[in-house]
Structures are given as structure tokens and as C-alpha cells.
Amino acid sequence: MPKRKAPSSNKRETVVEEEDHDDETEQQGEAAESFPAATLPVESAVVSDGRAAKQPKVIFVLERACLETGKVGAEHVLLNSDDHAKFLMKHKRAPADYRPDILHQSMLILLDAPLNKAGLMKLFVRSEKGVLIDVNPQIRIPRTFRRFSGLMTQLLFKLSIRASNGPQKLLKVIKNPVTDHLPPNARIICMSVTGKLVSLAEYIPSLPKDCPIVFVAGAMAHGKVEPEYADDYIAVSEYPLSAAAALARVTNAFENYLGVL
């Protein structure tokens with residue numbers, strides 16, 4: 001196939017602002033999950049590179065992401081096992097289950113991929129508690145986990161985040177189910193260590209060429225995802241991989257297949 005070139009972009013740092021939510025951003029389930037509300041966090045800074053969106057060839061859905069907030073001391077924070085183990089045990093929660101860093105790593109891998117920069121990728125995130133998030137491909141996720149946590153905490157309270165110098169929403173909470181936001185003719189493939197082992201170099205060219213491809217992956221520390229809406233289950237390696245490593249394999253394989261350099 002002919003090579004696709006990523007359009008040039010002028011990256012500009014933008015500051016997120018509060019966005020009034022309407023019926024379209026109401027979520028079935030609580031966005032600020034489980035713990036009592038507190039003072040909203042200080043607004044984080046994100047980057048939008050202003051690239052023009054194309055029709056995505058590949059859509060990723062990250063399921064069972066750990067996005068739960070709690071009031072620790074005087075602050076409302078995104079809970080994680082490293083910083084809030086005592087708080088979690090006090091509330092009879094298992095600290096090992098609170099790994100939002102897995103989502104952070106996975107989003108960095110996907111959004112930094114040339115496949116995304118070429119405008120050929122779309123991403124959705126669904127939390128363990130059922131909060132569904134639409135991720136704008138133009139967003140540049142914070143590099144550090146601390147800033148990422150602040151951004152996600154802000155999103156769970158405000159339900160959307162947009163750039164102050166533009167109308168586009170960079171992150172927004174949307175209504176379930178995720179299948180309502182997928183193309184009706186999409187081929188949906190779940191990535192699982194127990195799935196059929198495939199060579200991506202051979203598997204991807206065999207997929208339908210006239211419809212978008214959706215890959216579903218888990219963004220949690222333990223267990224696996226078994227979405228009812230998946231058409232197929234595959235393993236991309238004979239070895240257990242982290243979510244970020246498995247996703248990197250898929251994006252690299254599609255970039256090679258589509259000629260994205």
C-alpha cells in the first residue's frame with residue numbers, strides 16, 4: 001500500500017479549563033468513584049498538537065482501567081498502590097489492584113505511536129467502575145505520573161477537559177456502552193494471553209480491508225478482559241506481556257503494514 005505521511009504540526013502548550021457538561025457527557029455510573037468528594041484539584045496542563053483528524057484505521061479500547069479517587073488528607077487524589085497503600089487498607093481495599101500507572105504507560109505508548117500521529121488511530125478508555133472516556137488523538141498525555149494523576153482526577157470531576165486556546169475537547173466522559181461509539185461494521189478483536197497465538201505480520205493483512213479494526217486490551221494489574229462484544233480473541237506473543245508491550249506490538253505491526261514511518 002502507498003506510504004502515508006504524518007502531517008506536520010506546530011505543538012502548542014495549552015491549559016485545560018473547566019467545561020460545563022451537558023447530556024452528552026453524563027455517565028452511567030459515578031465518575032468520581034466510591035469516595036466522598038473534596039476540594040477539586042489544581043488544573044493540570046496538557047498539550048494539543050492541532051493535527052487534523054482522519055478516518056481511523058485502528059481503534060483501541062482499554063478496559064478495566066483503575067481510575068478511582070479518594071480524599072487523602074486535605075486533597076482529592078487518584079489512588080495508587082505506591083502512595084496510598086495505608087489509606088486503601090484502612091478502607092479494606094487491596095492496594096495491589098490500584099495501578100493507574102498501567103493506564104498511563106498504555107496511553108503513552110498508543111498516543112506517541114506514529115500510527116496515532118498519522119491520524120489513523122482512535123482510543124477509548126473504560127474504568128473498572130464503568131466510566132467511559134473518549135480520548136482525542138490530538139492530546140499529548142503528561143509525561144510524569146504525578147501530572148497524569150492530576151489530569152485524570154480533574155476529568156472524573158468535570159467530565160470533560162478542553163484546551164483553553166481552542167474548542168476541541170481533549171478528554172471527555174461519554175455514555176456507555178462503548179459499542180455505541182464504534183463503527184457498526186467494525187471487526188472487534190480482544191487481546192488475551194489465553195487467546196489464539198498469532199503472528200501479527202501475517203494476521204493483520206488477513207483482516208478485512210473495508211472496515212475499521214478494533215483492539216480491546218486490559219489496563220489492570222490482575223485478571224483478564226472478556227468483553228461480550230468481541231469477535232475474536234488473540235495472543236500476540238507466546239509470553240505474558242505487559243499491556244504497554246502488547247499494544248506496542250500491535251501499533252508497530254500496523255505501521256509496517258500501512259507504511260507509516
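Modeller: Before we start, a salt bridge here is a side-chain nitrogen of Lys or Arg within 4 Å of a carboxyl oxygen of Asp or Glu. And keep in mind that this is a predicted model.

Colleague: Fine. What do the side chains of Arg-187 and Asp-232 do?

Modeller: They meet in a salt bridge, at 3.8 Å from N to O. That value counts because the cut-off is 4 Å. The pair links distant parts of the chain, with Arg-187 in strand S11 (residues 187-197) and Asp-232 in strand S13 (residues 232-235), 45 residues apart.

Colleague: Is Asp-232 buried or exposed?

Modeller: Asp-232 is buried, at 15% relative accessibility. Arg-187 is partly exposed, at 25%.

Colleague: How many salt bridges does the structure hold?

Modeller: Nine. One of them pairs Asp-112 with Arg-143, at 2.7 Å from N to O. Asp-112 lies in the loop between helix H2 (100-111) and helix H3 (114-117), and Arg-143 in the loop between strand S8 (139-140) and helix H4 (145-158), so this bridge ties together parts 31 residues apart in sequence.

Colleague: And what is the relative accessibility of Asp-112?

Modeller: It is 31%, which makes Asp-112 partly exposed. Arg-143 is partly exposed too, with a relative accessible area of 36%.

Colleague: Which residue does Glu-226 meet in a salt bridge?

Modeller: Lys-224, at 3.3 Å from N to O. Glu-226 is exposed at 54% relative accessibility. Lys-224 is partly exposed, with 42%.

Colleague: Switching to helices. At what angle do H2 and H6 pack?

Modeller: About 15°, with the axes 9 Å apart. Helix H6 covers residues 243-258. Angles under 35 degrees count as roughly parallel, so H2 and H6 are roughly parallel to each other. The crossing is right-handed.

Colleague: Which residues make the contact?

Modeller: From H2, Ile-102, Gln-105, Ser-106, Ile-109 and Leu-110. From H6, Ala-243, Ala-244, Leu-247, Ala-248 and Thr-251.

Colleague: How does that split by class?

Modeller: Seven nonpolar, three polar and no charged residues.

Colleague: Now backbone geometry. Where is there a cis peptide bond?

Modeller: Between Asn-176 and Pro-177, with omega about 0°. Pro-177 sits in the loop between strand S10 (169-174) and S11. For background, most peptide bonds are trans, and most residues other than glycine have a negative phi.

Colleague: What about phi of Arg-64?

Modeller: Phi of Arg-64 is positive, near 60°, and the residue is not a glycine. Arg-64 belongs to strand S3 (residues 58-65). At 26% relative accessibility, Arg-64 counts as partly exposed.

Colleague: And what is phi of Lys-92?

Modeller: Also positive, about 60°, and again not a glycine. Lys-92 is in the loop between H1 and H2.

Colleague: Is Lys-92 buried or exposed?

Modeller: Exposed, with a relative accessible area of 79%.

Colleague: Last one. Where does Ala-94 lie?

Modeller: In the loop between helix H1 (85-90) and H2. Ala-94 is partly exposed, with a relative accessible area of 38%.

Colleague: How far apart are Ala-94 and Ser-81 in space?

Modeller: 8.5 Å, C-alpha to C-alpha. In sequence, Ala-94 and Ser-81 are 13 residues apart.

Conventions. Residues numbered from 1 in each chain as written. Predicted model: local features only at pLDDT ≥ 70, side-chain atom pairs only at ≥ 80, totals over all residues. Heavy atoms only, no water. Helix = DSSP H or I, 4+ residues; strand = E, 2+ residues; numbered from the N terminus. Buried < 20%, exposed > 50% of the residue type's maximum accessible area, 1.4 Å probe, protein only. Axes fitted to C-alpha atoms, helices over the stretch in contact; angles between N-to-C directions. Parallel < 35°, antiparallel > 145°, perpendicular 65-115°, else oblique. Left-handed = near helix turned anticlockwise from the far one by under 90°. Contact = heavy atoms within 4.5 Å. Nonpolar A, V, L, I, M, F, W, Y, C, P; charged D, E, K, R; others polar.
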